[in-house]
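Biologist: Please take a close look at the aromatic pairs in this structure, and then at the helices and cores around them. I would like one connected account.

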Amino acid sequence: MRQRLAQLPPTTARASLVSEAETLQDIIAAKAPPLQVAISARALGRDLLAAYPVPLAPPGTPDLARGAALYAEHCSSCHGASGNGRGLESAGMDPPPIDFTDRARARERSVFALYQVIEQGLEGTAMESFAHLPVEDRWALAFHVGRYAYPEQLAARGQQVWANPRAQAAVPDMRALVSLTTAQLEQSLGSAEGTALTAFLRGKPQVLGSGAERSLGIARDRLQEALAAYEVGHFSSAEDLALAAYLDGFEPVEPILTARNGALMRSIEAAMAELRSRIDDQQPVSNVRQQVDEVLRLLDDAETEMAPENASSASSFIGAFTVLLREGLEALLIVIAMMAFLRKAERQDAMRYVHGGWIAALLAGAATWLAATYLISISGASRELTEGFGSLFAAIVLLSVGIWMHGKAQAGAWQRYIAERMSAALSQRSLWFLFGLTFVVVYREVFETILFYTALWTDGNGGAVAGGAVAATVLLAIIAVAMLRYSRQLPISTFFTYSSILIAILAVVLAGKGIGGLQEGGIIDVTPFLAVPHVDMLGLIPTRETVIAQILTAAALAAGFWLNWRAAQTARAA
């Protein structure tokens with residue numbers, strides 16, 4: 001040990017390390033208690049790593065196929081083709097080659113420990129150093145060897161364990177995976193769960209890449225599985241897997257990709273929708289395979305776009321700013337319209353229901369963030385369905401409110417309404433309806449904003465994300481104050497005319513977003529309609545179903561406005 005330390009490149013710490021090594025050897029020679037030896041050895045190890053840093057984790061996701069090929073070439077002759085230590089050249093070796101299938105020994109051995117032996121060799125045995133191999137190959141070989149004690153059926157169970165947030169917290173990244181032993185995971189998760197999780201993660205280390213890398217890896221796996229199912233005629237399974245590729249693989253990275261390259265994000269969305277449409281129409285296998293290849297190509301572009309080295313403070317700031325401004329503006333316009341209406345009606349007492357609604361929505365949003373971060377994992381389907389149903393509810397309510405407001409814009413209609421019905425119009429039931437509408441509208445936007453911000457925050461540049469949020473909040477506050485002041489100066493009829501138009505536009509926008517959310521959640525079929533551009537601010541999505549929903553909403557509004565005009569004409573004539 002002392003000789004090896006002396007051979008290290010000269011640094012100011014080398015002499016101290018040699019001295020520590022001599023002390024450790026003296027302790028061992030004196031047969032000191034095991035605890036004292038362990039403390040001294042760990043201290044030397046920490047100081048050695050501090051002075052001569054070594055890679056504690058792979059530079060990228062290990063290539064398991066490459067590891068298997070390296071094992072067959074360099075290791076199987078001694079350790080055996082199945083890793084049981086009984087290779088053709090193992091006879092007579094003293095000590096015999098390690099049996100990697102021995103579960104008792106494997107549970108105390110980390111991937112990093114295997115990597116060290118591969119790199120350094122093992123003195124006193126036939127195990128030679130493979131330091132001449134590239135570092136990526138050494139890690140690939142270590143992962144391959146570390147799998148022999150864990151059969152495939154354990155990996156399938158481990159995939160279920162991995163869905164638990166406790167498991168993901170126990171192994172947060174690649175460095176944790178390679179350093180933890182099975183025994184350590186068993187202590188934190190339970191015996192069966194720890195063993196199964198080891199089997200899964202060592203066989204699927206790609207799930208521990210960067211957040212984007214993990215998600216896109218899931219998307220690729222599901223796409224390949226969808227194609228395989230389609231090729232054998234399992235059309236329903238293929239459709240479910242294609243949907244899972246979007247919800248579980250691509251949807252989580254949408255916020256980051258939107259901030260980096262919005263055009264690419266929309267291209268992938270359209271390509272995945274087209275794939276689902278081809279599967280649903282049961283087109284020839286060649287057509288489906290062609291579309292899968294196209295989506296995979298786009299996902300490669302997305303992975304390059306979202307690589308950590310491409311992250312910038314500017315993109316994080318712009319992403320945070322535009323997301324909050326876009327989502328906040330939709331909710332703000334509706335809330336301000338309701339507040340202005342109550343002021344015009346001189347019902348300040350009802351204002352607390354509107355304020356209560358948006359405050360409750362913010363609190364519910366905070367609770368959602370806490371739950372999603374620390375307690376549960378919100379699935380892609382749950383995200384899309386929450387947004388979809390919330391948007392549709394708001395669109396339906398705004399459809400009726402817009403027509404009602406347009407009717408009150410007609411000459412004399414507001415005065416008659418005040419005289420005849422205002423006392424009953426804002427009953428306790430109506431006030432709670434205002435609370436509910438405000439809550440749903442604001443919570444829908446808060447929910448979507450939380451998902452975007454969570455993804456942006458994990459991308460790094462937290463200061464830029466916070467800066468973008470603050471800037472958007474300030475701008476929204478300025479818009480709110482300006483709208484409230486301007487609404488006070490408007491005559492009643494003009495106020496209702498402008499408000500009805502604004503609410504009508506929002507109803508059309510939310511109708512498109514609602515149907516789009518249900519499509520992405522798998523509730524409604526997708527029929528691409530490429531003649532329509534994707535304009536998120538207008539809720540315009542290039543699918544036939546969303547366009548039809550928006551046309552029907554606009555037609556209903558036009559019919560309601562026309563009936564209001566006819567009623568006003570009839571009243572004037574009378």
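Modeller: A residue is called buried when its relative accessible area is under 20%, exposed when that area is over 50%, and partly exposed in between. The model is predicted.

By this rule F321, with a relative accessible area of 22%, is partly exposed. F317 also counts as partly exposed, at 33% relative accessibility. In general, an α-helix has 3.6 residues a turn, so residues three or four places apart point the same way. The ring centres of F317 and F321 are 6.3 Å apart and their planes are at 5 degrees, so this pair is stacked.

A search of the whole structure gives 8 aromatic pairs. Another of them joins F112 and W139, which are stacked with 6.3 Å from centre to centre and 25 degrees between the planes. This pair links distant parts of the chain: F112 belongs to helix α7 (residues 111-120) and W139 to helix α8 (residues 135-145), 27 residues apart. F112 has a relative accessible area of 15%, so it is buried. W139 is buried as well, with a relative accessible area of 0%. Together with Y115, F112 and W139 form one aromatic cluster.

Next, the cores. The largest nonpolar core has 42 residues, and M339, L342 and Y453 touch the most other members. Helices that each supply at least two residues of this core are α19 (313-344), α20 (351-375), α21 (380-408), α23 (428-458), α24 (462-489) and α25 (492-520). The largest share comes from α19, with 14 residues. Another core, of 39 residues, lies apart from this one and has Y71, A155, V171 and L197 among its members.

Last, helix α18 (residues 285-305). The buried residues of α18 are V288, Q291, V292, V295, L296, L298, L299 and A302. Seen down the helix axis, the buried residues of α18 fall within an arc of 170 degrees, so they line one face of the helix. Q290 and T304 are exposed on the other side of α18.

Conventions. Residues numbered from 1 in each chain as written. Predicted model: local features only at pLDDT ≥ 70, side-chain atom pairs only at ≥ 80, totals over all residues. Heavy atoms only, no water. Core = buried A, V, L, I, M, F, W, Y, C linked by side-chain atoms within 4.5 Å. Buried < 20%, exposed > 50% of the residue type's maximum accessible area, 1.4 Å probe, protein only. Helix = DSSP H or I, 4+ residues; strand = E, 2+ residues; numbered from the N terminus. Phe/Tyr/Trp six-rings, centres within 6.5 Å; stacked < 30°, edge-to-face > 60°. Arc of directions from axis to C-beta.
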